[in-house]
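Grab a pencil and have the structure open beside you. Try each exercise yourself before you read the solution under it.

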Amino acid sequence: MATKEEILAELKEAVVEYEEDDCREAAQKVLDNPDLLTPMEGVMDGLAAGMEKVGELFDSHEYFVPEVLMCADALYAGLDILRPHVKIDVDAPKASVVLGSVQGDVHDIGKNLVKMMFDIAGWEVYDLGRDVPLEQFVEKQLDTKSDVLAMSAMMTTTMLGMKKVIAMVKEKNPDCLIMLGGAPLTRDVANLFGADGYAESAGNAVSEGIKMISSLRKFQKGDVPA
Amino acid sequence: MAELTGKERVMKMFKNEPIDRMPCFSGQGAVTVQAIEKMETQFAKIHKDADLMAGAALTSAKMWDLDGLAIPFDMAAVAEAMGRGVSLYDAAEGIIYPTVPNKWKDLDEIDIPGDYMSKGRMPIIDKAFDILKKDAPDLAIGAWVLGPFTLGGQIMELDILLKGLKKKKDQIEEFLGQVTQVTVDMCKHYESLGVDFITVREMGSGTDLLSPRMWKTLIQPNLTKVFDAISIPSVNHICGSTDMIIEMMHECGADAISVDQKNDLVETRNKLGNDILIFGNFDPYGTLTTMESTAEVADVIKKCIDDGVDSVWPGCDIWPDVKKENMETYVQTVHEYGLKPSPAVKRI
């Protein structure tokens, strides 16, 4: 019979080696062994730990975006099995995010990688998709009162729309954190637009997203600096 | 001796012949809002009317004293002609470039029609070139096409294409072979229309997305076929991270290499030597649209020249909403600071 460590290692390896079937099998083993580990441990110490390793491989130029996309598919294969069984504290407020690619942009790789990060963390995710008219971001954010609004624009030609959305949301809901991502953006541009966070590209979204996953894992273990 | 025309200056540069000063032009979009306002039209309209397309390119070039121009302005025309649709954003506020709404979602669905060159906006682009040939005899007229991989990402979902590079390598290679032929046919077509130079933009293939190994096996062979087929001056443009693939870009056989601000141009020049034409490499949005000081703009342009470009090209389309004084400084600095010879082109 497999040990907890072995099951977690299987989950992690299945993500790193982008093996969707292996990831499903390992996730099922988590559910079949409730005395050994919880679904949340499977998500955080198996799937998310695997994605952390993927981030290292990406940073060292061993993996590139095609590999990362396949690793994400494997992660979701396991997450789809484990997530319905993760215990939710009904009294705790659930964090939420509205995200999408702005109008004029039909690219959504970076957006989907950021979405994965929120999915792992168990956030309520409102994914507006791509080529999203600006007013839809504002309407959805005001409607859901989401904690975070995340917008992506891969093309230089679409990023100016973000500035208008930020101004409209901040005017009505100054506490909403706003994340921007996309290849043409620079930190200066993000600052200029009044955004709170920034990820340079799909590649950078991988690094940034995985760093946030690492933080989440530490947070869950109570390993958070005061 | 009479001053060279813009066309003479550009074409001599492509032949590595001595010229009076560095040419100032781009093989990518260089239309600006000032020209569009002067024409009393709108950005959304210049993509679907031959007179407006040619007029916007020519008015921009004349307004800023550029040596050449290039059309079309968007990258959706071929995919649209293949039946993938187009979103022109007629009603949207501000500047939004056309996009492709209905990309193929599976390799098995792909069916490239044989008559795409006569569909969608393709005849409009052809007519715009005819107009420019008549109305802009003194300017270098450029066409641009997407490289095979980037065109592939316009007609099918990019994430499916990227994952397919690993999971369905044989099918993807066959698909890339098909789109390579489309790129070749487009280049030959524009050549037949009498354009002066062609820029092949394989913009989605930098090492932000693909490994150098993948670039060598899946991108380089197809780009080499494209440049082998072009018999007029050609430019190999890739934006994003190119330092790790720059030698392979050079091996593809184009007359010039164009890179953006992410490239370490001094290192690139060291690697490739002084014979090859190199264009680049400033951030058009960060320089022409957002910079507050023209002195800063001049410094950016001078750095490109000092680093070793033969023509100062923006790293991407010029974002149309440029500041007038920044655009003027860009051109003036190239004219004045570019009087000295560049690595691959001497001066008269």
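**Exercise 1.** Work out how far apart Glu56(A) and Lys53(A) are along helix H3 of chain A, counted in helical turns.

*Solution.* Bear in mind that this is a predicted model.
- Step 1: find both residues in helix H3 (residues 39–59) of chain A, where they are three residues apart.
- Step 2: that spacing separates them by about one helical turn.
- Step 3: check the side chains. Glu56(A) and Lys53(A) form a salt bridge, and their closest N and O atoms are 3.8 Å apart. The cut-off for a salt bridge is 4 Å, so this pair makes it.
- Step 4: look at the surroundings. Glu56(A) is partly exposed at 47% relative accessibility, and Lys53(A) is partly exposed too, at 32%.

**Exercise 2.** Find which parts of chain A are tied together by the pair Asp119(A) and Arg83(A).

*Solution.* 
- Step 1: confirm the link. Asp119(A) and Arg83(A) form a salt bridge with the closest N and O atoms 3.6 Å apart.
- Step 2: place each partner. Asp119(A) belongs to helix H5 (residues 109–120) of chain A, while Arg83(A) sits in the loop between helix H4 (65–82) and strand E1 (96–101) of chain A.
- Step 3: Asp119(A), at 9%, counts as buried, whereas Arg83(A), at 34%, is partly exposed.

**Exercise 3.** Now hop over to chain B: are Arg21(B) and Asp67(B) buried or exposed, and which network do they belong to?

*Solution.* 
- Step 1: spot the salt bridge, where the side chains of Arg21(B) and Asp67(B) meet at 3.1 Å, N to O.
- Step 2: locate the ends. Arg21(B) is in the loop between helix H1 (6–14) and helix H2 (33–38) of chain B, and Asp67(B) is in the loop between helix H3 (50–64) and E1 of chain B. So this pair links parts 46 residues apart in sequence.
- Step 3: read off the accessibility. Arg21(B) is buried at 8%, and Asp67(B) is buried at 3%.
- Step 4: widen the view. Glu3(B), Arg9(B), Asp20(B), Arg21(B) and Asp67(B) are linked in a network of salt bridges.
- Step 5: if you search the whole structure, you end up with 32 salt bridges over all chains.

**Exercise 4.** Trace the open sheet of chain B and say how its strands pair.

*Solution.* 
- Step 1: follow the seven strands in the order E1-E2-E3-E4-E5-E6-E7 of chain B, with parallel pairing.
- Step 2: find the edges. Strand E1 (68–71) and strand E7 (311–314) of chain B each pair on one side only.
- Step 3: Helix H13 (residues 294–307) of chain B touches strand E6 (277–282) and E7 of chain B, and its direction makes about 155 degrees with that of E6(B).
- Step 4: zoom in on one pairing. Strand E4 (residues 234–238) and strand E5 (residues 256–259) of chain B run parallel and are joined by four bridges. Here Val235(B) stands opposite Ala256(B) in E5(B).

**Exercise 5.** Sort the residues of strand E3 of chain A by the way they point.

*Solution.* 
- Step 1: recall the rule that in a regular strand the side chains alternate between the two faces of the sheet.
- Step 2: apply it. Val148(A), Ala150(A) and Ser152(A) point one way from E3(A), and Leu149(A) and Met151(A) point the other way.
- Step 3: check the cover. Five of the five residues in strand E3 (residues 148–152) of chain A are buried.
- Step 4: find the partner. E1(A) pairs with E3(A) in the parallel sense over five bridges, and Ser101(A) stands opposite Ser152(A).

**Exercise 6.** Describe how chain A and chain B meet.

*Solution.* 
- Step 1: count the residues. 28 residues of chain A are in contact with 32 residues of chain B.
- Step 2: note the area. About 2,600 Å² is buried between the chains, with 66% of it from carbon and sulfur atoms.
- Step 3: look for charged pairs. Four salt bridges cross the interface. Glu67(A) and Lys166(B) form a salt bridge, with their closest N and O atoms 3.3 Å apart.
- Step 4: see who contributes on the chain A side. H4(A) gives the largest share, six residues.

Technical notes. Residues numbered from 1 in each chain as written. Chains lettered and ligands numbered in written order. Predicted model: local features only at pLDDT ≥ 70, side-chain atom pairs only at ≥ 80, totals over all residues. Heavy atoms only, no water. Pairing = 2+ DSSP bridges. Helix = DSSP H or I, 4+ residues; strand = E, 2+ residues; numbered from the N terminus. Contact = heavy atoms within 4.5 Å. Axes fitted to C-alpha atoms, helices over the stretch in contact; angles between N-to-C directions. Buried < 20%, exposed > 50% of the residue type's maximum accessible area, 1.4 Å probe, protein only. Buried area = accessible area lost by both parts, 1.4 Å probe.
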